[in-house]
Amino acid sequence: MTLEAIDLSKVYPVRGADRVVNALNGVSLTVGAGETLGIVGESGCGKSTLAKLLVRLEEPTSGRVLLNGVDLTALSGSRLREQRRRIQMVFQDPYSALNPRRTAGATLDEVLIVHRLSGDARGRARRVGELLDMVGLPLEFAARYPHEMSGGQRQRVGIARALAVEPQVLLLDEPVSALDVSVRAEILNLLVRLREELGLSYLFISHDVAMVRHLSDRVAVMYLGRIVEVGSWSDVLDRPRHPYTHALRDAVPIPDPRVARPIEATVRGEVPDPARPPSGCPFHPRCPLVEDICRTVEPPLLELAPGHAAACHVAARAAGQAAPLAT
């Protein structure tokens with residue numbers, strides 16, 4: 001199984017204004033079989049927009065999404081529904097993601113009916129029990145409504161709903177950020193177990209660098225609708241090439257006073273308005289390493305070491321890569 005995004009872009013018009021917001025700008029990535037790709041970045045960088053485009057909850061302005069070589073952006077009707085079984089999404093807020101007027105059992109049963117799975121009512125009831133057990137909930141939860149469950153229990157139902165159609169890929173959009181700290185580890189451990197038992201691939205979206213490190217094989221860092229660095233988690237988080245990645249990594253507190261380092265503000269200012277992005281490198285107004293070329297030429301995403309790419313003129317020069325001339 002391979003999920004590919006090829007040069008995905010998404011532009012939103014600004015109501016009442018003669019301008020647009022570039023929410024996503026030429027993003028390309030690949031998620032391989034059994035792999036977890038972490039997507040990390042500040043709020044508003046385009047992480048959730050990317051996930052919605054990958055499952056066709058929103059349509060891309062340009063670009064393609066390939067699942068096992070099949071172009072999802074070219075499908076509609078029954079052909080799209082068939083492919084959607086293979087890629088499912090778990091949302092950030094488990095309460096708003098569930099219908100408050102449906103029990104957990106009815107929520108799961110609806111998925112089986114829509115996709116014509118598990119046969120008659122008896123077969124579907126058996127499958128509902130299996131799904132609840134898969135996510136660590138007893139059968140009695142089939143009769144409970146969302147308001148009768150805790151946040152962690154609701155998210156388990158959301159995960160069960162995604163698993164009901166036997167997908168190959170799960171898109172996890174900040175799946176634990178709305179939960180109490182005490183239950184986050186339980187849900188993360190559940191996701192790790194399910195990945196191993198079912199052979200799933202994950203696209204794991206988070207603003208928490210430490211959480212991405214825990215779950216991911218590779219990490220892609222996004223800034224202002226672009227991927228600015230990608231590679232194995234050890235390369236990206238332990239040996240960052242892009243100054244933005246470096247700042248994200250250094251902002252993570254170390255819970256050990258013997259080795260903890262002071263948190264220093266290595267970047268300045270706020271994220272630019274995506275409706276008025278800066279020229280050149282989108283990070284240059286906040287970058288501590290900014291040079292003249294950064295203000296005029298957008299750096300390409302270049303492989304600076306095997307399997308490790310970054311979009312930074314300074315990093316490219318340090319790695320011996322030729323930077324484009326300013327124009």
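In this predicted model, the lining of the largest pocket divides into nine nonpolar, five polar and four charged residues. The space in this pocket comes to about 530 Å³, and of the 18 residues that line it, Arg84, Gln88, Val111, His115 and Arg161 lie nearest its centre.

**Pockets**

- At least two residues of the lining of the largest pocket are supplied by each of helix H2 (77-84), strand S6 (87-90), helix H3 (104-114) and helix H5 (151-163).
- The second largest pocket holds about 230 Å³ of space, and its lining is made up of 15 residues, of which Arg226, Ile227, Glu298, Leu301 and Ala311 lie nearest the centre.
- Strand S2 (20-31) and strand S10 (226-232) each supply at least two residues of the lining of the second largest pocket, with S2 giving the most, four residues.
- By class, the lining of the second largest pocket consists of nine nonpolar, four polar and two charged residues.

**Cavities**

- Two cavities of 30 Å³ or more are counted in the model, and the largest cavity contains about 80 Å³ of space.
- The lining of the largest cavity is formed by His242, Pro243, Cys281, His284, Cys287, Leu289, Val290, Cys294, Pro299, Cys312, His313 and Val314, a set with nine nonpolar, three polar and no charged residues.
- The second largest cavity, with a volume of about 30 Å³, is lined by Glu42, Ser43, Gly44, Cys45, Met222, Tyr223, Leu224, Tyr244 and Val271, and this lining has six nonpolar, two polar and one charged residues.

**Nonpolar cores**

- The largest nonpolar core has 57 residues, of which Ile159, Leu163, Leu194 and Val221 touch the most other members, while helix H6 (residues 181-198) contributes the largest share of this core, six residues.
- Apart from its neighbours within four places in sequence, Leu194 is in contact with Met134, Ile159, Leu163, Gly199, Leu200 and Tyr202.
- A second, separate core consists of 31 residues, among them Leu3, Ile39, Leu67 and Ile87.

**Glu270**

- Glu270 lies in the loop between helix H9 (243-250) and strand S11 (302-305), and because its relative accessibility is 68%, Glu270 counts as exposed, the cut-off for that class being over 50%.
- Between Glu270 and Cys294, which are 24 residues apart along the chain, the C-alpha separation is 18 Å, and Cys294 is one of the residues that line the largest cavity.

Notes:
Residues numbered from 1 in each chain as written. Predicted model: local features only at pLDDT ≥ 70, side-chain atom pairs only at ≥ 80, totals over all residues. Heavy atoms only, no water. Buried < 20%, exposed > 50% of the residue type's maximum accessible area, 1.4 Å probe, protein only. Core = buried A, V, L, I, M, F, W, Y, C linked by side-chain atoms within 4.5 Å. Contact = heavy atoms within 4.5 Å. 1 Å grid on protein atoms, 1.4 Å probe; cavity = no way out; pocket = protein on both sides within 12 Å on 5 of 7 lines; lining within 4 Å. Points joined across faces, edges and corners; volume = space filled by probe spheres on them. Nonpolar A, V, L, I, M, F, W, Y, C, P; charged D, E, K, R; others polar.
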